[in-house]
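Morning, everyone. Please look at the screen, and then I'll walk you through a few spots.

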Amino acid sequence: MPVKKVEKIWMNGKHVNWDDAKVHVLSHVLHYGSSFFEGIRCYKTKQGPAVFRLGDHVKRLIHSARVFRAEIPFSYDDIFEAIVDTIKINELENCYIRPIAYRGYEDLNVNPLKNPVELTIAAYEWGSYLGQGAHESGIDVCVSSWRRSTPDTTPTMAKIGGAYMNSQLIKMEAIVNGFSEGIALDVNGYIGEGSGENMFLVQDGVLYTPGIHNGILSGITRKSIMTLAKDMGFEVKEGSLMREMLYMADEVFFCGTAAEITPIRSVDKMIVGNGMPGKVTKQMQEAFFEIVKEGNDKYGWLTFLDGKERILNMKQVK
Ligand SMILES: Cc1ncc(COP(=O)(O)O)c(C=O)c1O
């Protein structure tokens, strides 16, 4: 789905016209993947438009940059407010938000330390990531021949541009072979995640999810599902999961800001359960959509654009 152009993009402290939001071709980021970014959703809930877990996303953005010794020249509060302003100025309600910090133009040495760190925030309308009907019918996926990075190569807890070369290999391999998405194993052969999603397996009513040591991004949706599931009385187990569990599970689903909660109906052409979204998956979808669609949020995860909850949700980064 192509990006749907809106009026303004926030760049280094001010809103510029969409078509003027440009970087120099010799920017460090273009050559070496030196960017730190987030994917965030704003929902048109029944109680007004609200951003899901904005504070956690801003925190992860700052932390991802910090791993690479990049100091974003804007504070947590500045970024938080700039995101809200960018949605509002473009009169968006249901949208995807993409803040990206990157090493800009100065030197073309691999050493990034002299290059400025810049920040841009775009917001635009966006629908279902894994295809229409994916939430209702589920998707067909494969186990990728590409692995996720090892803990001592590219840090997977940091959401960084360069790491998405690995994601692209996983995604392309899946697509050209007729699947919607690939599941990458970690370096030891345990289940990792999709190219842009975390995952859960359900077996005998217990939810299993790979641990953050399994080469995955520490997803905000994943954490939310763990909280929701525990509060709903489910047992949730986090840790190294064997590949064959994918073929034995009653239910498997992807989760993420883009994917939300997407059931998986087959893995490597083996049907999961009865090939339909399972009971637990549906319960998790209901609990999640109760928050982001109905606006019923007892967790303080929503930042309403009208401002009434905004201040409450502004948690400082320590
Ligand atoms: C590789 C990868 N894993 C997991 C996720 C899910 O993370 P979140 O729920 O924070 O969007 C994403 C999406 O950002 C991702 O790109």
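**Backbone angles, a helix and the ligand**

Just after H2, Arg 69 takes a positive phi of about 60 degrees. Helices here are DSSP runs of H or I with at least four residues, strands are runs of E with at least two, and both are numbered from the N terminus. This is a predicted model: local features need pLDDT of at least 70, side-chain atom pairs count only at pLDDT 80 or more, and totals for chains, interfaces and linings use all residues. Residues are numbered from 1 along each chain as its sequence is written.

Next, Asn 12. Its phi is positive too, about 45 degrees, and it is not a glycine. Asn 12 sits in the loop between strand E1 (8-11) and strand E2 (14-17).

Then Lys 269. Its phi is near 65 degrees. Lys 269 lies in the loop between strand E15 (260-267) and strand E16 (270-271).

Are these two buried or exposed? Count other C-beta atoms, placed from the backbone, within 10 Å of a residue's own: 20 or more is buried, 12 or fewer exposed, in between partly exposed. Asn 12 has 13, so it is partly exposed. Lys 269 has 10, so it is exposed.

Back to H2. Its buried residues include Leu 54, His 57 and Val 58.

Last, the ligand. Which residues are closest to the ligand? They are Gly 219, Ile 220, Thr 221, Gly 256 and Thr 257, among 13 that surround it. Near means a C-beta atom, placed from the backbone, within 6 Å. Helix H6 (residues 220-231) gives the largest share of that shell, 3 residues.
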